[in-house]
Amino acid sequence: QRCWAHKMRNVVNKVKKIDQKKVKAGAIKIYQASNRKEAIRNYWRWAKQWREIYPNAVKCIEKDLDELLSFLKFPRQHQVKIRTTNVIERVFREVRKRTRPMSTFNNKESCDRIIFALFHFMNEKWEDRPLREFTQNS
């Protein structure tokens, strides 16, 4: 799985400011497709339009297209939540924020305890606010 939010930032950074909105609007149609076949069709349409002008932007998506579209294998109601990795990255940011000030650990077990405590905290926090799309009650 690749994150569309990060990929779009990378693509837009490879495009002149004047064309960024147009390039992004076309690329968004790729992941907004209702199925993989439509997404690939939208990709080729977008790539054909921009390949000559911004080959690096097109290559940026092309090289990871299969992984970028892996979220389409899941039910439609889950796709919006899993096409980006922001939820996962939030946990990693929290781990870095807590462990960096410590700079060193006595041993592997002390590091494991800190990381376990952070993941336990995040799990409890999310327990009160689950992603409705991933519960059996949805």
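Helices (H or I, at least four residues) and strands (E, at least two) are DSSP runs, numbered from the N terminus. The model is predicted: local features need pLDDT of at least 70, side-chain atom pairs count only at pLDDT 80 or more, and totals for chains, interfaces and linings use all residues. Residues are numbered from 1 along each chain as its sequence is written, and side-chain values use heavy atoms, with hydrogens and water left out.

**Exercise 1. Describe the fold in outline.**

Step 1. Count the elements. The protein chain has eight helices and zero strands.

Step 2. Read along the sequence. The pattern is α-α-α-α-α-α-α-α.

Step 3. Check burial. Buried means under 20% relative accessible area, exposed over 50%, partly exposed in between (1.4 Å probe, protein chains only). Of the 138 residues in the protein chain, 32% count as buried.

**Exercise 2. Find the buried side of helix H4.**

Step 1. List the residues. In H4 (residues 55-62), Ala-57, Val-58, Cys-60 and Ile-61 are buried.

Step 2. Find their arc, taken from the directions from the helix axis to the C-beta atoms. The arc is only 150 degrees, which puts these residues on the same side of H4.

Step 3. Name the cover. It includes H1, H2, helix H3 (36-50) and helix H5 (65-68).

Step 4. Look at Ile-61. Contact means heavy atoms within 4.5 Å. Leaving aside neighbours within four places in sequence, Ile-61 is in contact with residues including Trp-4, Ile-30, Tyr-43 and Leu-68.

**Exercise 3. Which residues touch the most other members of the largest nonpolar core?**

Step 1. Define the core: a set of buried Ala, Val, Leu, Ile, Met, Phe, Trp, Tyr and Cys residues joined through side-chain atoms within 4.5 Å.

Step 2. Name them. Among its 24 residues, they are Trp-4, Ile-30, Tyr-43, Trp-46 and Ile-61.

Step 3. Find the main contributor. H3 gives the most to this core, with five residues.
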